[in-house]
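This report describes selected elements of secondary structure and the way they pack. The sequence and the coordinates are shown first, and the discussion follows.

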Amino acid sequence: MTARPLEGLIVADFCWVAAGPVGTRFLADAGATVIRIESSMRPDGLRMRGPYKDGIAGQNRSGFYNNFNAGKFSIALNMTTERGRTLARELVRQADIVANNYTPGTMGRWGLDYDSVKAINPGAIYISMPMMASSGPRRDFRGLGASIQAITGINWLTGHPEKPPQGPGFNFPDYMNPYYGVFAILSALHHRERTGEGQEIELSQYQATVSLTGEALLDAEVNGHVQDRQGNLDPEMAPHNIYPCAGDDRWIAIAVRDDQDWRAFCDATTGEPWASDTRFEGVVGRLEHRADLDAAIAAWTRPQDAHVLMARLQGAGVPAGAVQDGRDVLDDPQITARGHYVALDHPEIGPLRHDTQSFRLSGSDIRPARPAPLLGEHTEWVCEHFLGLDRAQMDELYGEGVLT
Amino acid sequence: MAQPTNASALGDLRVIELADRHTALCGKLLADMGADVVLVEPPGGAPHRLRGPFLGAPDPSRGARFVYENAGKRSVTADLQEEAGRESLHDLLAEADFFIEGTKPGALEALGLGYESLAERHPRLIVVSITDFGQDGPWAAHEATDLISMALGGVAYLGGFPDTAPARIGGAQASNIGGLHAACASMLALHQRATTGRGQRVDVSLHEAVAYTQEIAMQAAEYEGIVRGRLNKEENPVEHGVYRCSDGYIICTSIPRNWDALIGWMSTRGVDIAPLIGEEWAKPGYLAAHAAEFNAIFVPFLATMTRDEACDEAQAVELMFAPVYSSGDLVRDPQLESTNYFQERELWAGEPPVRYPGRAYDLSVTPWAGAGPVPAPGEHTDALLRTASKDGVR
C-alpha cells in the first residue's frame with residue numbers, strides 16, 4: 001500500500017449538519033488533512049442530535065456527528081471576534097480546498113467569500129452548497145434534506161400510491177449531494193494540477209437532487225408524462241415487490257426481471273399454484289395479473305424466515321433480498337466480510353463501528369485514520385502547526401475568548 | 001460566479017465504459033466534465049437501452065434513462081466472446097485512462113480480461129468495477145436489482161409508513177448512489193496516478209453504498225442498540241409533515257422551532273389563533289400530544305392556498321416549508337429556469353433540441369459540459385477501431 005491519494009492536501013472545512021460533512025468525510029478518508037473550523041458561538045447542531053452512545057446526550061457522544069466527521073480535526077474559534085476571523089482567514093490562506101454549506105452570505109460576513117479567499121489564495125478550490133443557488137426567485141429558500149427531497153420530485157416518485165408523498169423516511173439528499181460536491185472538487189483538483197489554477201464551485205443542492213430523477217424529467221419534458229409513485233412495483237417486471245415474512249416487521253424483496261428469472265422462480269417453488277398457472281407464463285400476463293400473483297406470493301412468504309428464503313431463492317438465481325434494518329446491515333455476512341465497518345476508539349465513548357466508504361482501492365487504504373474530533377480537540381495543534389502561535393499567544397487568545 | 005471560460009476539467013481523459021446500468025451514471029459524470037467516454041456494447045447494443053419509458057417510439061437510442069445517462073458518449077460494438085472483439089477492447093484500453101465495468105465478479109476473468117491481465121498490459125489504466133456486492137464476500141455472486149439493493153442495504157426499511165410494507169425510493173436510486181460513489185473513487189485513483197504513474201483497481205459495492213446512505217440507522221443500532229423503524233406519519237406537525245394545499249401537497253418542517261412565526265402568519269391570514277397561543281405549543285412533545293387539535297385549525301388553513309403561495313409566505317417568516325413537486329412541476333419551475341438548469345441539446349440528428357437536465361453544479365473556470373447526441377449502438381465503431389474485423393466487431 002502506498003500513501004493515501006489526498007495526503008498533503010489541506011481542507012478548511014466550514015461545513016456543518018449533514019450534507020457538508022459527508023463530503024469532507026470522503027476527503028479525510030482519502031488522506032486529506034480536514035480541519036473543521038467549529039464556531040464555538042454557533043456549534044454544529046449535529047453534535048446534539050442522537051443517537052447517542054448509551055442514549056446519554058452530549059456534544060461528543062452523537063453517532064450522527066461522529067460517523068460523518070471521523071478522520072477530521074477540530075478547532076473551536078469564536079467567529080464573532082475579529083481575531084477569530086483573522087485566524088480563520090490565515091488557515092484558509094494555506095488551504096487547498098475551502099468548503100462550506102452555510103446559507104449564502106455567512107462566509108461573506110466573515111470575509112471568507114470566494115473573491116476574498118482568491119485574493120489571498122488564488123489556487124484554492126472553493127465550494128459552497130446553497131440550498132437553491134446564489135440567484136433566482138427562491139435564492140433565500142431555507143430547507144433540510146427532507147424538504148429538498150419534497151421539492152425535487154423524489155417524494156412524488158417514492159412510496160405507496162394510496163398514501164401521501166411523505167418521502168424516503170430520512171434526509172436522502174444529504175447523502176447524495178455531497179458526492180456531487182466531492183466529484184466537482186476532485187475534477188477541479190485535476191484541472192489545478194494541470195494549470196495551477198483554482199476556482200469556485202457552487203453546488204446547488206436543489207439541482208443536484210433534481211438530477212437524480214433525469215429519467216422522469218425527460219419523460220415529462222419530451223412525452224408530457226408525469227411519473228407517479230408506485231410503491232415497490234416496476235412497470236416492466238412482475239413479480240416485483242416486498243412481501244411479509246415470519247417475525248415482527250420482517251419482509252423480503254423479490255424481483256423477477258424476465259421470463260428466465262420466472263422459470264427459475266417456479267423451479268425453486270415447485271408445487272405452488274403460480275408455477276402451473278398459464279396466466280403467469282409471460283411478462284405481459286404477469287403484469288396484467290400482478291395483484292393476484294402478489295397475493296399468492298405474500299401468502300407463501302408470510303410464515304417463512306426472510307434470510308432463509310433469500311438464500312433459497314438466490315441459490316436458484318432469483319434476485320431476492322431480506323429487507324434489512326440497520327442492525328441487520330451492521331452484522332450482515334457480506335458487509336462483515338468486506339470490512340465495511342471499522343472500529344475507531346473514541347476518547348470519550350470508546351471503540352465503536354463507523355462506515356468506511358463503499359469501495360476498495362487496490363493501491364491504498366481509504367478509511368478514517370481517527371475518530372471524530374471532540375469539539376476543539378485540535379485547537380492548539382492547529383494554532384501551533386498552521387497559525388504559528390506559541391504558548392503565550394494561545395493563552396492570550398484563550399483569555400480574550402477567541403479560542404475556547 | 002466568474003464568467004466561465006471554455007476549458008473543461010476532464011477534457012484530457014478517455015474513458016472506456018463496458019456499458020450497463022451500473023456504469024452509466026459514473027460515465028456520465030465524467031463526460032459532463034469533458035471526458036471522452038466511449039461505450040463498448042455487444043453487437044446490437046447493450047440491454048439497458050431497451051428499458052422504458054422511451055422518448056417517443058421505442059428505440060434503442062430513446063430509453064429515457066439511457067438517454068439521460070449516455071447522451072454525449074460515443075459507442076463501439078464488440079463481441080467480447082470473440083478474440084477479435086477482445087483485441088478491439090485492448091486497442092481502446094491502450095489509449096484510455098479509465099475502464100468502467102459492471103459485470104458480475106469473475107465474468108471478465110473468464111474472458112481473459114481480469115484485472116491482473118488488464119493491469120499487466122495497461123499499467124496506467126484505472127479499472128473501475130461497479131457491482132451489486134463488490135468483488136468478494138459470500139454474496140458476491142448474488143443477483144440484485146434496484147429493489148433488492150435498497151432492501152439489503154437498509155434504506156427500503158426506512159420508507160413507507162408503520163402500517164404499510166417498507167418502500168424503496170423512487171427513480172431506481174441504488175445505481176445512482178453507486179455511480180456517484182464510483183465517480184468520486186475514480187478521481188482518487190486518477191489523482192494517485194499522477195504520483196505513482198500506475199493505475200489501480202476501484203472495487204465499488206452498491207450494497208455498501210446503499211448501507212452508507214441509511215443516515216443514522218446503523219448508529220442507532222451501534223450506539224443505542226435500537227432499530228430505527230419507519231418514522232413517516234401523516235399530517236405530522238412536529239417533523240416533516242406533508243399536508244394538502246388547494247393544488248397538491250406541501251411539506252412542513254421546523255414548526256415547533258418557529259411557532260410564533262407560524263401563528264403570526266396564520267393570524268394575518270384571518271385565522272383565529274386563540275387556541276394555539278401559549279409557549280407550551282413550541283415544545284415538540286406538547287405539539288405531538290395535541291396534533292389533532294392543531295391540525296383541526298392548520299389543515300383548513302393550508303387548504304385555502306396553493307403550494308407555492310403557502311411555501312413562499314412561510315419562507316418569508318423563516319418557516320422551512322416546501323412544495324411537493326412532480327416532474328411536471330419541475331420542467332416549468334421558475335427557479336430552474338432562472339439558473340438555466342435545462343439546457344437545449346441536440347440529442348438525435350435532424351430533430352429539434354431537447355431541454356436536457358442534469359447540471360448539479362457550476363464551476364467558475366471549467367464549466368459543466370453537459371450532453372451531446374445520443375449514440376446509436378456501434379455508431380463510432382469504424383471511427384474508433386482501426387482493426388475492425390467481421391468476426392468480432394460490427
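## Helix H10 of chain A and its surroundings

In this predicted model, the buried residues of H10(A) pack against elements of two chains: helix H7 (154-157) and helix H9 (205-210) of chain A, together with helix H2 (64-70), helix H14 (327-330) and strand S11 (354-356) of chain B. The buried residues in question are A:Gly214, A:Glu215, A:Ala216, A:Leu217, A:Leu218, A:Asp219 and A:Ala220. Helix H10 of chain A covers residues 214-223, and seven of its ten residues are buried, so the helix is largely enclosed by the rest of the structure. Just after H10(A), A:Gly224 adopts a positive phi of about 65°.

## Chain A as a whole

Chain A contains 18 helices and twelve strands. Its C-alpha atoms fill a box of roughly 85 × 50 × 40 Å along the principal axes. Of the 404 residues of chain A, 64% count as buried. When contacts in chain A between residues at least 6 apart in sequence are considered, 66% of them join residues at least 24 apart.

Leaving aside residues up to four places away in sequence, A:Gln149 touches A:Ile154, A:Asn155, A:Pro168, A:Phe170, A:Asn171, A:Phe172 and A:Pro173.

## Strands of chain A

Strand S2 of chain A (residues 33-39) is largely enclosed by the rest of the structure, because seven of its seven residues are buried. In a regular strand the side chains alternate between the two faces of the sheet. For S2(A) both faces are covered: A:Thr33, A:Ile35, A:Ile37 and A:Ser39 are buried on one side, and A:Val34, A:Arg36 and A:Glu38 are buried on the other. Strand S1 (residues 10-14) of chain A runs parallel to S2(A) and is joined to it by four bridges. Within this pairing, A:Asp13 stands opposite A:Arg36.

Strands S10 (residues 341-346) and S11 (residues 350-355) of chain A run antiparallel and are joined by six bridges. A hairpin of three residues links S10(A) to S11(A). A:Leu344 has A:Leu352 in S11(A) as its bridge partner.

## A sheet with strands from both chains

Which strands make up the open sheet of seven strands, and in what order? The order is S12(A)-S6(B)-S5(B)-S4(B)-S1(B)-S2(B)-S3(B), and the pairing is mixed. Strand S12 (359-361) of chain A and strand S3 (74-77) of chain B stand at the edges with a single partner strand each, so one side of each is left without a neighbour in the sheet. From one strand to the next the twist averages 20°.

Within the sheet, strand S4 (residues 98-101) and strand S5 (residues 126-131) of chain B pair in the parallel sense over four bridges. B:Phe98 has B:Ile126 in S5(B) as its bridge partner. Helix H1 (residues 24-32) of chain B lies across strand S1 (14-18), strand S2 (36-41), S4 and S5 of chain B, and runs at about 150° to S4(B).

| Helix pair | Angle | Axis separation |
|---|---|---|
| H1(B), residues 24-32, and H7(B), residues 173-196 | about 50° | 7 Å |
| H10(B), residues 259-268, and H12(B), residues 291-303 | about 55° | 12 Å |

H1(B) and H7(B) are therefore oblique to each other, and their crossing is right-handed. H1(B) contributes B:Leu25, B:Cys26, B:Leu29 and B:Leu30 to the contact, while H7(B) contributes B:Ser175, B:Asn176, B:Gly179, B:Leu180, B:Ala182, B:Ala183, B:Ser186 and B:Met187. The residues of this contact comprise eight nonpolar, four polar and no charged.

The contact is formed by B:Trp259, B:Leu262, B:Trp265 and B:Met266 of H10(B) and by B:Phe294, B:Ile297, B:Phe298 and B:Phe301 of H12(B). The residues of the contact of H10(B) with H12(B) are eight nonpolar, no polar and no charged.

Methods. Residues are numbered from 1 along each chain as its sequence is written. Chains are lettered from A and ligands numbered from 1 in the order in which they are written. This is a predicted model: local features need pLDDT of at least 70, side-chain atom pairs count only at pLDDT 80 or more; totals for chains, interfaces and linings use all residues. Side-chain values use heavy atoms; hydrogens and water are left out. Two strands pair if DSSP finds at least two bridges between them. Axes are lines fitted to C-alpha atoms, for helices over the stretch in contact, and angles run from 0 to 180 degrees between N-to-C directions. Contact means heavy atoms within 4.5 Å. Angles under 35 degrees count as roughly parallel, over 145 as roughly antiparallel, 65 to 115 as roughly perpendicular and the rest as oblique. A crossing is left-handed if the near helix is turned anticlockwise from the far one by less than a right angle, and right-handed if clockwise. Ala, Val, Leu, Ile, Met, Phe, Trp, Tyr, Cys and Pro count as nonpolar, Asp, Glu, Lys and Arg as charged, and the others, Gly among them, as polar. Buried means under 20% relative accessible area, exposed over 50%, partly exposed in between (1.4 Å probe, protein chains only).
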